Amino acid sequence: WSKDLDNEANKKFVEAFKAEYKRLPSIYAAQSWDTANLILAALSKASVKDKDAFRAALKAADFQSVRGKFVFNNNNHPIQNIYVREVVKEADGVLTNKIIATAFEDHKDAYADKCSM
């Protein structure tokens, strides 16, 4: 994740975070935001009382991620783009990461084929 990912969910997240906390969000904030939205999306489709239906709703990952396209692999790790970033100083003097290239598109972790999930 990076604050400069060009998708609507990320733009709204970064803007809302900066307005609330007066600083740039971290990767941990972005992951927490995605997690909360994943859970809310699953709750809108299934009750936690029906564990199988709720797990299936989580696995469907039907939400707008700040990472852009988001799906789970067979081992429940995300399939996502991996970016090359560099640290830059913004006009206001704040150090942050900037995407300079995409290293992998729709990257699956190396051990997915060994997972029996």
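**Strands, rings and charges**

Modeller: Keeping in mind that this is a predicted model, let me begin with strands β1 and β2, which pair in the antiparallel sense over two bridges.

Biologist: Which residue in β2 is the bridge partner of Val 71?
Modeller: The bridge partner of Val 71 in β2 is Ile 79.

Biologist: And how many strands form the open sheet, and in what order?
Modeller: Three strands form the open sheet, in the order β1-β2-β3, and their pairing is antiparallel. The edge strands are β1, residues 71-72, and β3, each of which pairs on one side only.

Biologist: Over how many bridges do β2 and β3 pair?
Modeller: Strand β2, residues 78-89, and strand β3, residues 95-107, pair over nine bridges, again in the antiparallel sense. One of the contacts to look for is that of Val 88, whose bridge partner in β3 is Thr 96.

Biologist: What does Gly 93 do in the hairpin of β2 and β3?
Modeller: The hairpin has five residues between the strands, and Gly 93 takes a positive phi near 90 degrees there.

Biologist: Changing topic, how many aromatic pairs does a search of the whole structure find?
Modeller: The search finds six aromatic pairs. Among them is the pair of Phe 13 and Phe 17, which is tilted, with 5.9 Å centre to centre and 55 degrees between the planes. Both residues lie in helix α1, residues 8-21, where they are four residues apart, about one turn of the helix.

Biologist: Are Phe 13 and Phe 17 buried or exposed?
Modeller: Both Phe 13 and Phe 17 are buried, and for Phe 17 the relative accessible area is 10%, which counts as buried because the cut-off is under 20%.

Biologist: What about Phe 17 and Tyr 21, how are those rings arranged?
Modeller: Phe 17 and Tyr 21 also form a tilted aromatic pair, at 4.7 Å centre to centre and with 45 degrees between the planes. Because they are four residues apart in helix α1, about one helical turn separates Phe 17 from Tyr 21.

Biologist: Which residues form the aromatic cluster?
Modeller: One aromatic cluster is formed by Trp 1, Phe 13, Phe 17, Tyr 21 and Trp 33.

Biologist: On to charges, then: how many salt bridges turn up in the whole structure?
Modeller: A search of the whole structure gives seven salt bridges. One of them joins Lys 3 and Glu 90, with the closest N and O atoms 2.7 Å apart. That pair links distant parts of the chain, since Lys 3 is in the segment before α1 and Glu 90 is in the loop between β2 and β3, 87 residues apart.

Biologist: Where do Asp 34 and Arg 67 lie?
Modeller: Asp 34 lies in helix α2 and Arg 67 in the loop between α3 and β1, so their pair ties together parts that are 33 residues apart in sequence. Their side chains meet in a salt bridge at 3.1 Å, N to O, and both Asp 34 and Arg 67 are buried.

Biologist: And which residues make the nonpolar surface patch?
Modeller: Ile 39, Leu 40, Leu 43 and Val 48 make a nonpolar surface patch of about 360 Å². Leu 40 is found in helix α2, residues 27-43, and Leu 40 counts as exposed because its relative accessibility is 54%.

Conventions:
Residues numbered from 1 in each chain as written. Predicted model: local features only at pLDDT ≥ 70, side-chain atom pairs only at ≥ 80, totals over all residues. Heavy atoms only, no water. Phe/Tyr/Trp six-rings, centres within 6.5 Å; stacked < 30°, edge-to-face > 60°. Buried < 20%, exposed > 50% of the residue type's maximum accessible area, 1.4 Å probe, protein only. Patch = residues over 30% accessible without salt bridge, like charges linked within 9 Å, V, L, I, M, F, W, Y side chains within 5 Å. Areas by Shrake-Rupley, 256 points an atom, 1.4 Å probe, with all protein chains shown as cover. Salt bridge = Lys/Arg side-chain N within 4 Å of Asp/Glu carboxyl O. Pairing = 2+ DSSP bridges.
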